[in-house]
Amino acid sequence: ALAARHGAQMPLMVACFDQTLEVIFNGEAGQFSTGHQRHILARRPLGASNLGAALRWAAGLKTHRRVLLVSDGVATMGETSSAELRRRVKRLKPGMDRIDALMVGGIRDEPLLRALVSDTLTNDGVLLDSQKLTTEQMVARLGQAALSGVEVEVPGARWIWPSVLTGVQPGDEVLLYADLPAEALTIGRPLTVKLAGPAPQTLRVPLQNTERPPLERAWIKAR
């Protein structure tokens, strides 16, 4: 799909990693075949996930400017903390200017993957979910710029979360929590949400009633 969108001559290197790392393919994207896919499936994971070692390997690539990390984000070997791995991503400079992540698997560390693709290299990347997007949608998002540093304000709110949006693209949906006093909320009168930063705008969000228990649980988690 990448070859179809960006050209069959696009340089592509594919490597699999766990506690070791093996290069599966190195050539032009149009040459990647079902044989290489079978090689990936036959290799199978060996039980560990050394994200730091994979990023160290990527730092040595001189002919590629972007990295796509396909992982559940659960680091079980080597450097495992978000701070350590963010430092490892920043060492991809100056050759690399963007890292994106594609989440796979059932158990995931989404916050860690999001931390790796945002505010680490020259350009912010995106976090893709393999369970929610088609291949064509993922390839399209990889071809678009991502926007970070979008500050969120809800006038009158005691607190909001998230207060800053990172790695967003046109068409993205964002779930925002805001704690406001009852007198500030009137059904039928829209709620004001202000976005500042690279793309300032003011949004009017209509209000509606909902069941208390599920909303309250989500609110407590956000707080």
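Two strands are taken as paired if DSSP finds at least two bridges between them, and the views below apply this to a predicted model.

**View 1. The open sheet of three strands, β3-β4-β5.** The strands of this open sheet follow the order β3-β4-β5 and pair in parallel. Its edges are formed by β3 (66-71) and β5 (127-129), each of which pairs on one side only. On average, and with direction ignored, neighbouring strands of the sheet are turned by 20° against each other.

**View 2. The pairing of β3 with β4.** Strand β4 (residues 98-103) runs parallel to β3 and is joined to β3 by six bridges. Within this pairing, Leu68 has Asp100 of β4 as its bridge partner.

**View 3. The largest pocket, with about 1900 Å³ of space.** Its lining is made up of 50 residues, and those nearest the centre are Val14, Ala15, Leu68, Leu69 and Val70. Two or more lining residues come from each of α1 (2-6), β1 (11-17), α2 (34-43), α3 (51-59), β3, β4 and α6 (135-142), with β1 giving the most, seven residues. Sorted by class, the lining holds 34 nonpolar, nine polar and seven charged residues.

**View 4. The second largest pocket, with about 1500 Å³ of space.** This pocket is lined by 39 residues, of which Leu176, Tyr177, Ala178, Leu191 and Leu207 are the closest to its centre. The elements that give two or more residues to its lining are β6 (150-153), β9 (177-179), β10 (191-196), β11 (201-205) and α7 (212-222), and the largest share, four residues, belongs to α7. By class, 26 of the lining residues are nonpolar, seven are polar and six are charged.

Definitions and conventions:
Residues numbered from 1 in each chain as written. Predicted model: local features only at pLDDT ≥ 70, side-chain atom pairs only at ≥ 80, totals over all residues. Heavy atoms only, no water. Axes fitted to C-alpha atoms, helices over the stretch in contact; angles between N-to-C directions. 1 Å grid on protein atoms, 1.4 Å probe; cavity = no way out; pocket = protein on both sides within 12 Å on 5 of 7 lines; lining within 4 Å. Points joined across faces, edges and corners; volume = space filled by probe spheres on them. Nonpolar A, V, L, I, M, F, W, Y, C, P; charged D, E, K, R; others polar.
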